[in-house]
Amino acid sequence: EGPPAELIDQALVLWFPGPRSFTGEDVVELHTHGSRAVVAATLGALNSIRGLRLAEPGEFTRQAFSNGRMSLTEVEGLGDLINSDTEEQRKQALAQMEGVQRRVFEGWRETLLGSLAHTEALIDFGEDADDVTEAALSGAVSRVRSLRAEMAARLRDGERGEAVRDGVRLAILGPPNAGKSSLLNALAARDAAIVSPTA
């Protein structure tokens, strides 16, 4: 038995029933006003509830992954989205978070499994089955070769994606008043460096 209940704030309480919530579990969100006093009083009141604790950084995402609500590539995309600084980083991260990369990998997996099934069937049944022929093996080999080329192209293109995600370190060198800052501003398409017509 503690002190009598006291009004802290007028807030919005949102209930997200599992399994359709972000984490796949039942979730409640409290939307309070953001002053330090309101947040401190709210956290203090919640802290008095046995078994309740603050979530660790990334804990909701980890639960979503554990509950099958997100794939590993989608989790990585969410991390990139949270840390994005540029419009290109945001677009790339959002595409990954929406499962673009996962669908590519699943397609590769299906191609490999189908090719493996045809190969195993030829080994196991050989000439005994009408639908298991050398042509089926040749088709499987052709699909795997095509997939290998697609994977190699994707890996080469990955360097571009890494540059978008991580940024590029660049040094513009030259004598004073040679236009280095103006070049930087032109490349950035914004006023990234201060320029002045006078030295």
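Student: How much space lies in the second largest pocket?
Tutor: The model is a predicted one, and the value is computed from its atoms. The space in the second largest pocket comes to about 530 Å³.

Student: Which elements give two or more residues to the lining of the second largest pocket?
Tutor: The second largest pocket is lined by 18 residues, and those nearest its centre are Gln96, Gln101, Arg154, Gly158 and Gly161. The elements that contribute two or more residues to this lining are α3 (72-82), α4, α5 and α6.

Student: Is α5 roughly parallel or roughly antiparallel to α6?
Tutor: The axes of α5 (residues 100-125) and α6 (residues 134-166) come within 9 Å of each other and cross at roughly 155°. Angles over 145 degrees count as roughly antiparallel. The arrangement of α5 relative to α6 is therefore roughly antiparallel.

Student: Is the crossing of α5 and α6 left-handed or right-handed, and how do the residues of the contact divide by class?
Tutor: The crossing in which α5 passes α6 is left-handed. From α5 the contact draws on residues including Val104, Trp108, Leu112 and His118, and from α6 on residues including Leu137, Val144, Leu147 and Met151. The residues of this contact comprise ten nonpolar, five polar and four charged.

Student: How is α4 oriented relative to α6?
Tutor: Helix α4 (residues 87-97) and α6 have axes that come within 8 Å and cross at roughly 120°. Angles of 65 to 115 degrees count as roughly perpendicular and those over 145 as roughly antiparallel, while the rest of this range is called oblique. The orientation of α4 to α6 is therefore oblique.

Student: Which residues of α6 meet α4, and how do the residues of this contact divide by class?
Tutor: The crossing of α4 and α6 is left-handed. Glu88, Gln89 and Gln92 of α4 meet Gly161, Val164 and Arg165 of α6. By class, the contact consists of one nonpolar, three polar and two charged residues.

Student: Is α3 roughly parallel or roughly antiparallel to α5?
Tutor: The axes of α3 and α5 come within 8 Å and cross at roughly 155°. Such an angle lies over the cut-off of 145 degrees. The relation of α3 to α5 is therefore roughly antiparallel.

Student: Which residues of α3 and α5 make the contact, and how do they divide by class?
Tutor: The crossing of α3 past α5 is right-handed. Thr73, Glu74 and Glu76 of α3 touch Gln101, Arg102 and Phe105 of α5. The residues of the contact are one nonpolar, two polar and three charged.

Student: Which element gives the most to the lining of the largest pocket?
Tutor: About 850 Å³ of space lies in the largest pocket. Its lining consists of 23 residues, with Val28, Leu52, Arg53, Ala55 and Phe60 nearest the centre. Two or more of these residues come from each of β2 (27-31), α1 (36-47) and α2 (59-66). The most, five residues, come from β2.

Student: In which loop is Pro19 found?
Tutor: Pro19 is joined to Gly18 by a cis peptide bond, with omega at about 5°. Pro19 is placed in the loop between β1 (12-16) and β2.

Student: In which loop is Asn177 found?
Tutor: Asn177 has a positive phi, near 60°, although it is a residue other than glycine. Asn177 belongs to the loop between α6 and α7 (180-188).

Key:
Residues are numbered from 1 along each chain as its sequence is written. This is a predicted model: local features need pLDDT of at least 70, side-chain atom pairs count only at pLDDT 80 or more; totals for chains, interfaces and linings use all residues. Side-chain values use heavy atoms; hydrogens and water are left out. Axes are lines fitted to C-alpha atoms, for helices over the stretch in contact, and angles run from 0 to 180 degrees between N-to-C directions. Helices (H or I, at least four residues) and strands (E, at least two) are DSSP runs, numbered from the N terminus. Angles under 35 degrees count as roughly parallel, over 145 as roughly antiparallel, 65 to 115 as roughly perpendicular and the rest as oblique. A crossing is left-handed if the near helix is turned anticlockwise from the far one by less than a right angle, and right-handed if clockwise. Contact means heavy atoms within 4.5 Å. Ala, Val, Leu, Ile, Met, Phe, Trp, Tyr, Cys and Pro count as nonpolar, Asp, Glu, Lys and Arg as charged, and the others, Gly among them, as polar. On a 1 Å grid over the protein atoms alone, a cavity is a set of points where a 1.4 Å probe fits but cannot get out, and a pocket is an open set with protein on both sides within 12 Å along at least five of seven lines; lining residues have an atom within 4 Å of a point. Grid points are joined across faces, edges and corners, and a volume is the space filled by probe spheres set on the points.
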